[in-house]
Amino acid sequence: MCIPALLAAAGLGGAGATAAGAAAAAATTAGTLSTLGTIASIGGALFQGVQGMSAANAQKKAIEEQMRTEAQLNATQDQRQRSKFGAAMAQLRAETAARGVTLDSVTAAALGRTAAQEMSFESQATRSEGVARQRELSAEARAAKAKGISSLLKGSFSAAGTLLEAAPDLWPGFLKDKPA
């Protein structure tokens with residue numbers, strides 16, 4: 001054991017030995033706190049990225065559920081419109097027959113053809129509106145997924161950047177050139 005260490009242990013080393021010990025302890029504590037801060041920063045960036053991805057996935061699932069619901073509603077609306085037109089055509093046939101017009105006459109056939117075309121047009125409009133809404137919701141779902149991936153990448157790159165910035169402090173000699 002060296003003499004300055006014995007003197008310091010006995011309390012006879014003077015202020016120089018005590019100051020050196022305090023400085024070493026402070027440096028060790030500062031290094032430890034710096035390392036803990038770096039780890040917390042990396043963990044926070046990764047957690048933020050994962051949380052962003054999780055929120056985006058939840059939003060995507062909600063949009064997909066909305067897509068299914070709206071597709072069902074659109075089909076129901078189309079069916080109701082077809083039923084309404086069918087009832088209107090039956091009413092028109094009944095009124096035409098009550099007037100004494102035969103259903104195979106040119107007038108009755110023209111009225112039936114016009115009603116069928118109108119029903120087809122309304123049905124197609126309803127279905128087209130539903131398809132357009134499905135495309136819109138699909139685009140929203142893809143955007144939510146992209147936002148989640150972007151959040152995850154941002155958190156990962158932020159954590160990597162923090163680690164690389166702190167690397168020389170965490171591992172002394174990290175960036176020093178090695179002799180060949």
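Which residues is glutamate 70 in contact with, leaving aside its neighbours within four places in sequence? The answer is Arg133, Gln134 and Leu137, where contact means heavy atoms within 4.5 Å. I will come back to that residue after the overview.

First, what we are looking at. This is a predicted model, in which local features need pLDDT of at least 70 and side-chain atom pairs count only at pLDDT 80 or more, while totals for chains, interfaces and linings use all residues. Residues are numbered from 1 along each chain as its sequence is written, and side-chain values use heavy atoms, with hydrogens and water left out.

The protein chain has three helices and zero strands. Read from the N terminus, the order of elements is α-α-α. Helices here are DSSP runs of H or I with at least four residues, strands are runs of E with at least two, and both are numbered from the N terminus.

Of the chain's 180 residues, 16% count as buried. Buried means under 20% relative accessible area, exposed means over 50%, and partly exposed is in between, with a 1.4 Å probe and protein chains only. The chain exposes about 12,700 Å², and carbon and sulfur atoms supply 63% of that area. Accessible areas come from the Shrake-Rupley method with a 1.4 Å probe, and for residues only the protein chains shown count as cover. Take the contacts between residues at least 6 apart in sequence: 82% of them join residues at least 24 apart.

Now helix H3, residues 106-170. H3 has 65 residues and reaches 94 Å from its first C-alpha to its last, close to the 96 Å expected at 1.5 Å a residue. The expected span is 1.5 Å times one less than the number of residues. Where does H3 bend by about 30 degrees? The bend is at leucine 164, and proline 168 follows within four residues. For the bend, axes are fitted to the seven residues ending at a residue and the seven starting there, and the angle between them is taken.

Next, helix H2, which covers residues 14-98 and includes leucine 33. Leucine 33 counts as exposed because its relative accessibility is 55%. Together with Leu36 and Ile39, Leu33 makes a nonpolar surface patch of about 310 Å². Patches are made of residues with over 30% relative accessible area and no salt bridge; like charges are joined within 9 Å, and nonpolar side chains (Val, Leu, Ile, Met, Phe, Trp, Tyr) within 5 Å.

Apart from neighbours within four places in sequence, threonine 38 is in contact with Thr162, Ala166 and Leu170.

Aspartate 78 is another H2 residue. Aspartate 78 is buried as well, because its relative accessible area is 10%. Not counting residues up to four places away in sequence, aspartate 78 touches Ser123, Thr126 and Arg127.

How many does a search of the whole structure find? It finds seven. A salt bridge is a side-chain nitrogen of Lys or Arg within 4 Å of a carboxyl oxygen of Asp or Glu.

One of them joins arginine 82 to aspartate 78, with the closest N and O atoms 3.7 Å apart. Both residues lie in H2, four residues apart, about one turn of the helix. An α-helix has 3.6 residues a turn, so residues three or four places apart point the same way. Arginine 82 is partly exposed, at 32% relative accessibility.

Another salt bridge links arginine 99 and glutamate 95, where the closest N and O atoms are 4.0 Å apart. Arginine 99 is exposed at 64% relative accessibility, and glutamate 95 is partly exposed at 34%.

Finally, back to glutamate 70. Its side chain meets that of arginine 133 in a salt bridge of 2.9 Å, N to O. Arginine 133 lies in H3 and glutamate 70 in H2, so this pair ties together parts that are 63 residues apart in sequence. Arginine 133 has a relative accessible area of 25% and is partly exposed; glutamate 70 is partly exposed too, with 23%. Glu70 and Arg133 also belong to a network of salt bridges with Glu136. As for Leu137, one of the contacts from the opening, it is 67 residues from glutamate 70 in sequence and 9.8 Å away in space, C-alpha to C-alpha.
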